[in-house]
Amino acid sequence: MHSSIFLITLLILGVVNAEIDFDQVRPIEDKLKNNPERFPWYAELTQKLNVSTDETSGRITGGAEAFRGQFPYMAALYITESTGIYFCGGVIIGQRTILTTAVCLEAVRSIEVILGAHNIRYSEPEQIRYRLTPDAVRIHYGYNPNSMANDIALINMPSNIPFNSRIGKLFIPNTTTPSPDGDYGIISGWGIVSDSSSSLSEVLRYINALVISNSECANFFGSRITSNNLCASGAGGKSACSGDAGSPLVASRSNDAVHGLVSFGYYYCQAGYPHVYTRVLRFVDWIRSNSLYPVFDKMHLHLILFALISLCQVDAKIDLDEPSSKITGGSEAAKGQFPYMVGLYVTRLSGTTFCGGAIIGPRTVLTSAGCLESAISVEVVLGAHNIRFTEPEQIRVRVSSDRIKIHQNWNSLQKTNDIALINLLSSIPFDTRIKKINLPYYDTKSGESCLISGWGYTSDSSIVLSDVLNFINTTTITNLQCASYLGGMITNNNLCASGERGMSTCTGDAGSPLQTMQFIGPVVSGISSFSYYSCERGYPHAYTRVYNYIEWIKANSLYPL
């Protein structure tokens with residue numbers, strides 16, 4: 001198969017009218033081919049590779065249809081230029097800010113911004129549409145259409161975006177956000193679904209693709225790849241392509257932050273070649289300076305949480321980059337209602353994060369592997385209700401990394417075997433506020449009532465931990481139901497709970513226990529592991545199934561349980 005490099009941003013020719021006939025939409029190659037002064041690299045490379053510029057093109061290939069509301073941060077953009085109307089993707093990063101690529105907006109005359117969309121062939125009831133002028137656009141001053149350098153742009157919205165179950169946001173990353181390199185990226189968009197197609201996908205689709213090194217990517221694209229880019233593998237024909245320009249890439253380790261924007265790639269999207277993205281982290285200062293309104297900035301959240309933790313007399317700042325969770329839709333617990341709960345301040349080289357845990361023995365705390373990975377030390381807080389203050393009932397213990405046992409087969413990409421122990425140096429002084437919880441005597445079934453407690457965020461709009469311990473009462477669901485939302489990450493070693501009515505765990509609740517009742521009393525059946533970044537939208541939340549790890553727990557606890 002011959003190949004030709006093309007601009008993935010391939011803004012596809014279309015019309016703003018919701019009744020558009022997508023089967024008649026033409027790809028952007030016409031614009032590239034007919035404008036060699038603006039895009040000289042396109043003609044040069046196609047001539048060098050001896051590939052006709054009249055070929056058809058591709059986009060999110062090898063992917064699957066998203067379920068409605070799965071990627072609420074997505075924006076669809078109809079961009080009117082003098083030569084027609086083109087299509088791009090974008091991502092919501094602020095109450096009034098949308099991030100996309102410069103090539104999408106370089107010649108804009110007007111923009112139709114569509115939020116909350118799943119099927120863009122129609123004007124769905126959930127959609128909100130805005131018509132904007134070029135004054136709303138900010139294109140990077142260093143954008144170069146020849147080299148595709150600095151391919152990034154902003155749209156400043158005229159009013160606050162009304163967030164709801166179908167419209168959400170992503171954060172911009174910072175230096176402590178886990179790097180996407182070597183992680184699996186999730187790319188969503190409405191681009192073409194095969195190389196033989198020539199029209200946009202009606203419905204939102206997505207792929208999972210491995211983020212590869214820039215040096216590996218440069219084997220295909222040469223010096224066009226710089227530190228301002230990141231690349232994803234196109235193995236298996238999974239790729240971004242025509243119509244996906246400006247669409248976001250998020251990573252499994254930090255799926256609440258936008259790491260990449262679809263920029264360019266090879267002409268054929270199913271041929272297995274890498275696809276290239278603008279690396280958002282390299283442009284954070286530019287984003288802050290050019291957005292007319294505040295953006296959802298994880299660095300600022302860290303500073304806010306640092307203030308909270310300082311009040312708790314912990315000498316570190318909180319980092320939200322953990323794959324963690326929170327209690328939404330719940331109630332404040334009574335003091336001593338969950339005496340087995342512990343708060344964990346986990347110190348790493350990158351800062352300090354917060355997690356939950358459960359006392360399961362006189363000297364043993366159970367939590368998740370994701371909480372303790374790369375830990376230098378841990379501050380264990382026992383008997384707490386309000387973690388903003390050092391209450392008289394609290395006991396705080398600092399332990400070093402040699403007291404930590406992480407499951408030997410923990411996989412941070414797939415979230416498998418997400419379990420860990422902290423072996424304390426001395427026995428816990430049990431009292432009315434500090435007690436242990438039993439391990440399960442038998443496995444937990446679907447449909448069982450369960451309690452989940454934690455200090456995580458209390459709403460999707462929250463940016464700080466809850467001062468007080470909260471809890472929810474929900475039910476367990478089948479793994480098959482759970483996998484319909486969370487896919488192949490759900491295995492027999494997971495347990496899932498319903499998120500109906502917005503009752504869920506989220507940021508700050510990683511490692512927190514799921515309690516069920518057995519004939520021996522309350523037992524810890526699950527450990528909060530992962531869920532969707534939005535916690536109030538009704539999606540299930542996944543836990544490590546403790547029953548499957550009882551032998552591992554007994555073998556790795558240094559003391560009798």
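## Asn 119 and its loop

The side chain of Asn 119 comes within 2.9 Å of the backbone nitrogen of Arg 121. That asparagine sits in the loop that links strand 7 (110-115) to strand 8 (128-132); strands here are DSSP runs of E with at least two residues, and helices are runs of H or I with at least four, both numbered from the N terminus.

Is Asn 119 buried or exposed? Asn 119 is buried, at 11% relative accessible area (buried is under 20%, exposed over 50%, partly exposed in between, using a 1.4 Å probe and protein chains only). Setting aside neighbours within four places in sequence, Asn 119 is in contact with Glu 124, Gln 127, Glu 202 and Val 203 (contact means heavy atoms within 4.5 Å).

## What kind of model this is

You're looking at a predicted model, where local features need pLDDT of at least 70, side-chain atom pairs count only at pLDDT 80 or more, and totals for chains, interfaces and linings use all residues. Residues are numbered from 1 along each chain as its sequence is written, and side-chain values use heavy atoms, with hydrogens and water left out.

## The largest core

Now for the inside. The largest nonpolar core holds 31 residues, and Val 91, Ile 93, Leu 99, Ile 120, Trp 190, Val 258 and Ile 287 have the most contacts within it. Such a core is a set of buried Ala, Val, Leu, Ile, Met, Phe, Trp, Tyr and Cys residues joined through side-chain atoms within 4.5 Å. Strand 4 (74-81), strand 5 (84-94) and helix 5 each give two or more residues to this core, with strand 5 providing the largest share, 4 residues. There's also a second, separate core of 28 residues, whose members include Met 341, Ile 360, Trp 455 and Leu 465.

Ile 287 belongs to helix 5 (residues 284-290) and is buried, with 0% relative accessibility. Beyond its neighbours within four places in sequence, Ile 287 is in contact with several residues, among them Ile 93, Leu 99, Ile 172 and Val 295. Ile 287 and Ala 153 are 134 residues apart in sequence, yet their C-alpha atoms are 8.4 Å apart in space.

What does Val 91 contact, leaving aside neighbours within four places in sequence? Its partners include Tyr 73, Leu 99, Pro 248 and Val 258.

## Ile 520

Out in the loop between strand 28 (513-518) and strand 29 (521-531) lies Ile 520. With a relative accessible area of 35%, Ile 520 is partly exposed.

Methods. Polar contact = N/O pair within 3.5 Å; in protein donor to acceptor, adjacent residues only side chain to side chain.
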